[in-house]
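Morning, everyone. Please look at the sequence and the model on the screen, and I'll walk you through a few places in it.

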Amino acid sequence: MDPVTPGYPDVPAFIYGITREIWEDRGIGGKLDRLYAPDILLRAPTGLTTDNTGVTSQTLQTLHSFPDRQLVGEDVIWAGYDDGTFLSSHRLVSVMRHTGDSAYGPATGRIVRSRIIADCWVVDGVVTEEWLARDQAAFARCLGLEPRDLARQMVAHDLRTSGAPVFFTPERDLPGRYRPVIQDGPEIALLAEGYRRIWGVKDVAAVRDLYFHGAELAAPGGGHHNGHADIDRFVLGYLASFPDAAFSLESATVNTGGGQTARVALRWSLRGTHGGFGHFGAPTGADVYIMGFSHAEVVDGRIRREWIVTDEVSVWKQIYAHLKECPHGG
């Protein structure tokens with residue numbers, strides 16, 4: 001059965017189109033109500049949203065702070081199912097000017113760019129479950145802040161409004177109807193084994209097996225890494241911070257053909273103790289959950305280009321929650 005994409009010819013056009021309808025075309029009322037299920041489960045490192053009203057509230061607040069927000073779609077990797085539902089993984093860049101006060105602080109007038117990956121399960125043309133991460137570390141740096149400083153501001157805001165830092169962990173999740181799928185195929189097998197070796201077993205030598213020697217990696221925080229040694233440094237920064245981290249591959253989709261390079265979308269997680277000096281500073285013993293997303297282009301059995309999105313600001317919030325700090329401002 002073909003995927004249900006009302007008003008659009010195919011899945012990528014549907015995902016690009018409804019994103020434009022909601023944000024650039026301001027379809028926040030009727031269109032958002034039509035396109036998002038009333039009982040949607042939206043999981044992001046920033047927290048769990050359990051209804052359409054919450055999605056509407058977040059959208060309005062974002063547009064107040066960034067009224068000229070544009071979402072520049074880079075790719076959609078998707079899988080259709082026998083019942084007409086489908087899973088899409090949408091990689092995009094948010095470009096906007098900070099002109100309204102918010103939890104991010106007073107308006108700065110700065111241009112902000114950050115990458116997002118959003119996985120959506122769509123049923124009868126309605127987004128029913130979603131997993132999403134924004135690169136808030138890049139966001140922070142565009143505002144002239146370090147990610148840990150933005151996390152301090154956001155923790156202070158959370159304490160004022162809800163009494164506790166807000167972030168997502170599996171313990172805070174609710175059961176959904178979608179059952180994640182790890183597709184078959186040589187490209188997925190390659191990435192699944194490479195990620196298991198690097199992130200699960202901590203076999204950093206696998207970087208040289210998984211990546212082409214001139215591979216390019218777009219990393220959290222707006223970072224760009226080129227080649228084995230540079231990618232190795234990025235990986236070590238995370239692994240050194242969480243040396244006991246358990247890796248889990250949650251979802252994997254591959255698109256091939258159509259004259260394009262094989263493109264793979266992964267959703268994965270790390271769960272471990274902030275037990276070492278690394279990318280996240282001095283060890284604190286905090287239990288940290290990282291929701292990760294990757295898009296990769298695979299040529300001749302190696303990754304040529306990859307985009308990884310995690311929310312490092314939400315990682316810092318978990319560290320501050322463990323320390324029971326009550327920071328004020330940045």
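Let's start with a helix. The buried residues of H5 pack against helix H4 (136–142) and helix H9 (312–323). Some terms, quickly. Helices (H or I, at least four residues) and strands (E, at least two) are DSSP runs, numbered from the N terminus. Buried means under 20% relative accessible area, exposed means over 50%, and partly exposed is in between, with a 1.4 Å probe and protein chains only. Contact, as in packing or touching, means heavy atoms within 4.5 Å.

A word on the source. This is a predicted model: local features need pLDDT of at least 70, side-chain atom pairs count only at pLDDT 80 or more, and totals for chains, interfaces and linings use all residues. Residues are numbered from 1 along each chain as its sequence is written, and side-chain values use heavy atoms, with hydrogens and water left out.

Back to H5. It covers residues 147–161, 15 residues in total. From first C-alpha to last it reaches 21 Å, close to the 21 Å expected at 1.5 Å a residue. That expected span is 1.5 Å times one less than the number of residues. Which residues of H5 are buried? They are Pro147, Leu150, Ala151, Gln153, Met154, Val155, Ala156 and Asp158. Just after H5, Gly163 takes a positive phi of about 85°.

Two other residues have a positive phi, and neither is a glycine. Asp124 has about 55°, and Lys202 about 70°. Asp124 sits in the loop between strand S5 (111–123) and strand S6 (126–134). At 57% relative accessible area, Asp124 is exposed. Lys202 is in the loop between helix H6 (186–200) and helix H7 (207–210). Its relative accessible area is 24%, so Lys202 counts as partly exposed.

Next, Arg97, in strand S4 (residues 86–97). Where does the side chain of Arg97 reach? It reaches the backbone oxygen of Gly109, at 2.8 Å. A polar contact is a pair of N or O atoms within 3.5 Å; within protein, one must be able to donate a hydrogen and the other to accept it, and residues adjacent in sequence count only if both atoms are side-chain atoms. Arg97 and Gly109 are twelve residues apart along the chain, yet their C-alpha atoms are separated by 5.9 Å.

Arg97 also touches Ser65. Ser65 belongs to helix H3 (residues 52–65). Is Ser65 buried or exposed? Buried, because its relative accessibility is 2%. A polar atom of its side chain lies 3.4 Å from the backbone oxygen of Asp101.

Note on methods. Lists of a residue's contacts leave out its neighbours within four places in sequence.
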